[in-house]
Amino acid sequence: MRFTRASLVVQVAALAACGAAWAQSPTYKVGRPPTEAELRAWDNVVGTDGKELPPGSGTAKDGAKVYAGKCSFCHGQTATEGPAPRLVGGVDSLSTRNPVLTLGSQWPFATTVWDYINRSMPRDAEGSLTPDQVYAVTAFLLYKNDIVKETEVLDAKTLLKVQMPNRAGFYPAKPEATAKNGNWKPNWNQAKPASK
Amino acid sequence: MHSKHPNRRGFLKRGAALAGLAAGAIPFANAQTPASDTAEDRPPKDLSYGVRSRFEISVRTVTLGGVRDVIPGLPPGEMGQRLTPLQDSTGIITPAPLHFMTGRGSHLPDIDPREHRLMIHGMVDRPLVFTMDELKRLPSVSRIHFIECAGNSGVSHYKAMQTGLKVANSPALTRSTHVIQQVHGRVSTSEWTGVLLSVLLKEAGVQKNGSWLVAEGADANRHAKSIPLEKGLDDVIVAYSQNGEAVRPEQGYPLRMVVPGWEGVSNVKYLRSVKVVDKPYFLKVETANYTNMTPDGKANWYGFQVGPKSLITYPSDAHQLPGKGFYEITGLAWSGRGAISRVEVSTNGGRTWKDAQLQQPVFRKAFTRFRLPWNWDGEETLIQSRCTNEYGDIQPTRKELGKLWGDETQPPVAGSDVEAFWENAPIMEFFSNPIQPWRVARDGSVQDALYKS
């Protein structure tokens with residue numbers, strides 16, 4: 001059998017270090033600077049630092065109303081029924097034969113919950129929720145997963161402090177630590193090129 | 001700039017069309033019959049943009065996993081997927097109308113290219129906004145690349161197909177259900193034309209602390225994805241053309257990223273923003289899914305590259321052989337890492353292998369067509385292919401792949417049963433590239449011998 005483990009690599013990322021030695025002046029001088037309005041409108045994908053989070057706030061109590069009005073039709077009254085993906089429960093189920101994957105059991109960062117609801121929900125009216133509504137429904141879903149208290153106010157600062165149960169549930173445990181120094185490598189082995 | 005709901009009415013109409021499905025009008029390949037042979041059908045009234053012969057009925061199908069696509073009455077879901085009929089493929093190019101698609105959000109975007117803009121911003125010296133006309137002034141490249149959904153060929157799709165069949169319970173649907181399309185049909189190859197992203201990044205001037213990119217689309221749910229800067233500086237194309245014409249709406253019109261060799265989800269469509277940042281953003285599609293779960297409940301994230309993979313497309317489980325005799329076995333091979341250097345075919349259940357002929361030229365990170373003459377003796381047998389890329393990576397068997405996944409779990413889980421893990425594969429299992437055997441029975445029928453076994 002010709003198969004060897006070392007060569008059997010599915011996930012390989014040949015990220016050859018790029019000598020980023022390039023001129024710092026533009027070559028073609030095509031395009032224009034964005035306006036402030038354009039930057040405000042488009043620079044709002046939210047990362048784990050939360051730099052792009054807008055002002056606003058909400059609690060689980062506020063969020064219950066938003067959820068009932070905007071989310072329960074697809075996700076069910078208690079966010080467990082579906083038919084859209086289940087949102088509540090499943091903590092500690094991931095290593096079992098029937099893992100229950102929800103934002104509570106699986107998602108490692110609360111910013112991801114906020115960002116996805118803000119830009120991609122609800123279906124057929126994506127992006128229609130106000131920042132207050134997004135903070136509130138995020139708080140509601142985290143409360144239903146026993147991650148925050150019902151009265152806890154989520155805003156651009158407190159959201160970053162939320163500890164998600166599955167924060168350590170990925171390999172490598174802290175990929176951002178290696179990403180910082182530009183030495184990011186995929187967490188899979190890589191086959192060596194065959195001698196020709 | 002991009003109107004939010006251009007297609008609400010289309011959505012409602014679609015609902016009505018789905019209701020129609022209940023009455024048995026199911027638009028799948030094998031359920032169709034050629035158009036009626038009436039005088040008013042011929043010749044076509046307008047030849048300015050061609051149409052294929054009315055006798056050709058090869059089409060994409062919906063994924064049966066997305067039961068909301070076929071069962072009326074359920075709340076709307078994603079647009080779902082449309083899967084390429086690989087069983088009908090010839091050569092290496094997938095016709096644009098048959099290129100697989102994953103629809104994100106509630107409706108297909110309807111973007112006016114005169115109003116579309118691409119913004120490069122974040123950790124750059126000069127944030128820039130480009131119109132489509134401006135992008136087309138810049139130096140361009142045309143390259144042939146495959147795009148493959150990371151979930152393609154996953155066991156979950158086979159399971160979903162079985163579930164979908166039970167729920168749908170439609171003979172017409174059953175006839176159009178083939179592993180080669182339903183399980184493997186999330187991969188296609190096109191010639192993509194556009195500007196290298198590295199050109200745009202250079203115009204903007206990446207600052208030295210930039211290490212990642214966050215790309216975002218203008219589709220309904222504004223799909224976004226973190227990508228290492230190194231890849232963006234390497235071979236990523238900001239594409240406006242596909243196979244010689246404008247990129248199709250299902251493929252990201254008017255502008256999409258093509259990230260050669262990497263999981264499909266990175267190929268952001270309707271591209272409107274690329275932000276240079278200093279760490280990945282841990283978005284939903286890089287944490288909640290598109291991560292590979294391992295038996296201990298932990299998952300691998302930020303794996304990008306498609307492994308070496310091949311598939312016999314003829315004969316496959318969509319075909320019926322009329323009897324013993326000569327057949328040309330043909331199929332497709334591809335690798336996210338580089339060029340395919342070898343494809344071997346076995347026609348006796350893996351006892352012996354023969355080198356197949358590779359269609360030249362072979363392109364890197366693209367479909368490679370292989371062919372092998374075969375005289376079938378009429379006896380039951382297994383046929384299968386395995387490929388090797390230019391780095392010597394060899395396509396694994398299903399068993400080897402299962403071991404690989406288990407072995408990649410560090411530290412290893414005491415007593416974990418990798419095979420059992422495969423059998424009970426969780427919902428998320430990505431980058432599946434096992435050798436696919438097809439069983440040719442004495443009656444000439446061809447069946448899947450991987451997922452069913």
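**A tour of chains A and B**

Start in chain B with the open sheet of four strands, ordered β16-β17-β21-β20 and paired antiparallel. Strands here are DSSP E runs of at least two residues, helices are H or I runs of at least four, and both are numbered from the N terminus. Two strands pair if DSSP finds at least two bridges between them. This is a predicted model: local features need pLDDT of at least 70, side-chain atom pairs count only at pLDDT 80 or more, and totals for chains, interfaces and linings use all residues. Residues are numbered from 1 along each chain as its sequence is written, while chains are lettered from A and ligands numbered from 1 in the order in which they are written.

Two bridges join β21(B) to β20(B), and the two run antiparallel. Pick B:Q357; its bridge partner in β21(B) is B:R371.

Move to β22 (residues 381-389) of chain B. Seven of its nine residues are buried, so β22(B) is largely enclosed by the rest of the structure. Buried means 20 or more other C-beta atoms within 10 Å of the residue's own; exposed means 12 or fewer, partly exposed lies in between, and C-beta atoms are placed from the backbone. β18 (residues 340-346) of chain B runs antiparallel to β22(B), joined by six bridges. Look for B:E344 opposite B:R386 in β22(B). Three bridges pair β22(B) with β23 (residues 438-440) of chain B, again antiparallel. Here B:I383 has B:W438 in β23(B) as its bridge partner.

Now colour chain B by domain. The assignment, automatic or from a database, gives domain 1 (58-292) and domain 2 (309-395 + 433-448). Their contact takes 18 residues from domain 1 of chain B and 20 residues from domain 2 of chain B. Contact means C-beta atoms, placed from the backbone, within 7 Å. On the domain 1 side, β6 (141-148) and α5 (179-182) of chain B each supply at least two residues.

Finish in chain A with helix α5 (residues 131-144). In α5(A), 12 of the 14 residues are buried, so the helix is largely enclosed by the rest of the structure. The buried residues pack against β1 (57-58), α2 (60-70), α4 (110-120) and β2 (154-155) of chain A. Just after α5(A), stop at A:D146, with a positive phi of about 60 degrees.

Note on methods:
Contact = placed C-beta atoms within 7 Å.
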